[in-house]
Amino acid sequence: MNAEALGMKGWLSEEACKKMFALSGLNFDETIAAAKKPGFKSFTMKAKSKVILNVKMTVGESHNVAAVLPGTDLKDEYLVFTAHWDHFGIGTPIDGDSIYNGASDNASGVATLMLLAKKYQSLPVHPRRSIVFVAVTSEECGLLGSQYYCEHPLFPLSKTAINLNFDGTAPRERTHDVSLRAAGKTDTDALVIAMASAQGRTVKVITEDPAGGYFRSDHFNFVKKGVPTILVGGGKDYVDKARHEAKPKVYRYHQPNDEYDESWWDFDGAMEDMNLMFSIGLVIANNDEMPKWTKEADFQRQ
């Protein structure tokens, strides 16, 4: 079985999965449905693959950057806010442009991290738990900065209440709804709903993750160590639908054209989402108990 023939270019897409299942004499949709029922057991697929990797390895040195806002009576427990500051730099030119700016992914996330730090710092009374702000490096190389932090944490992960990660927070328009991914994994869902409701927004629960987003950003290294996370952001019910429809529909993910353009970049939605995460973080920072995984979750505190 040839990976290129399946249309694989990195992450295994749903379309490629269906082709692979078909080559094994299996129906993808039927197998997924069966896997959701009690009693399902893993099995070995008949297909065999041959994969050739042409790897060019570069060794370098980079750094995470961290700051701490000390808490009060629960200062030995922590919230960790993260955003990755790296991108691709200079790469293969596309339409004559070789500068991979990373304005959305993830300069906007780092900006959110800094604004949140300023917002918490300006509170008349600091939160009960300490808050750690970490700009991690090498996310684009495989979540290496957050992996390093989780293997060499500044503060015990057993005392880390939650990780709230920001990855591409702008441009984003205001929405009437909020998307909550990975719902049902922790006991924080009700908190998200309450804080979104305070903004006049509803919560759309998303349980399917065909692109594997849950496993592809810095929060996942914390999750693997048993630290809960919340994945929440703007929805799709846009307040100004006409403006949204009028915007250019251009693919910018990991491209040189991920750059700031004042003619169509919006920050109202990003600010609203940031304020939502601020409120969620503040409640967690002041609650008596730290967030807990549900019994059904794939991960638990170590």
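In which loop does A182 lie? A182 sits in the loop between β7 and α5 (189–198). Helices (H or I, at least four residues) and strands (E, at least two) are DSSP runs, numbered from the N terminus.

This is a predicted model, in which local features need pLDDT of at least 70, side-chain atom pairs count only at pLDDT 80 or more, and totals for chains, interfaces and linings use all residues. Residues are numbered from 1 along each chain as its sequence is written, and side-chain values use heavy atoms, with hydrogens and water left out.

Start with the backbone. Most residues other than glycine have a negative phi, and most peptide bonds are trans. A182 has a positive phi, near 60 degrees. Its relative accessibility is 22%, so A182 counts as partly exposed. H254 also has a positive phi, near 60 degrees. H254 lies in the loop between α7 (241–246) and α8 (268–286). At 19% relative accessibility, H254 counts as buried. Buried means under 20% relative accessible area, exposed over 50%, and partly exposed in between (1.4 Å probe, protein chains only).

Now the cis peptide bonds. One joins D105 and N106, with omega about 15 degrees. N106 belongs to helix α3 (residues 103–121). Another joins A170 and P171, with omega about 0 degrees. P171 is in the loop between β6 (160–166) and β7 (177–181).

Turn to a helix pair. Two packed helices are described by the angle between their axes and the distance between the axes. The axes of α1 and α2 come within 9 Å and cross at roughly 100 degrees. Therefore α1 is roughly perpendicular to α2 (angles under 35 degrees count as roughly parallel, over 145 as roughly antiparallel, 65 to 115 as roughly perpendicular and the rest as oblique). Axes are lines fitted to C-alpha atoms, for helices over the stretch in contact, and angles run from 0 to 180 degrees between N-to-C directions. E14, C17, K18 and F21 of α1 meet F28, D29 and T31 of α2; contact means heavy atoms within 4.5 Å.

Both helices return in the second largest pocket. That pocket holds about 770 Å³ of space. Of its 23 lining residues, the closest to its centre are I32, T207, E208, D209 and P210. α1 (14–23) and α2 (28–35) each supply at least two lining residues. A pocket is an open set of points on a 1 Å grid over the protein atoms alone, where a 1.4 Å probe fits, with protein on both sides within 12 Å along at least five of seven lines; lining residues have an atom within 4 Å of a point.

Technical notes. Grid points are joined across faces, edges and corners, and a volume is the space filled by probe spheres set on the points.
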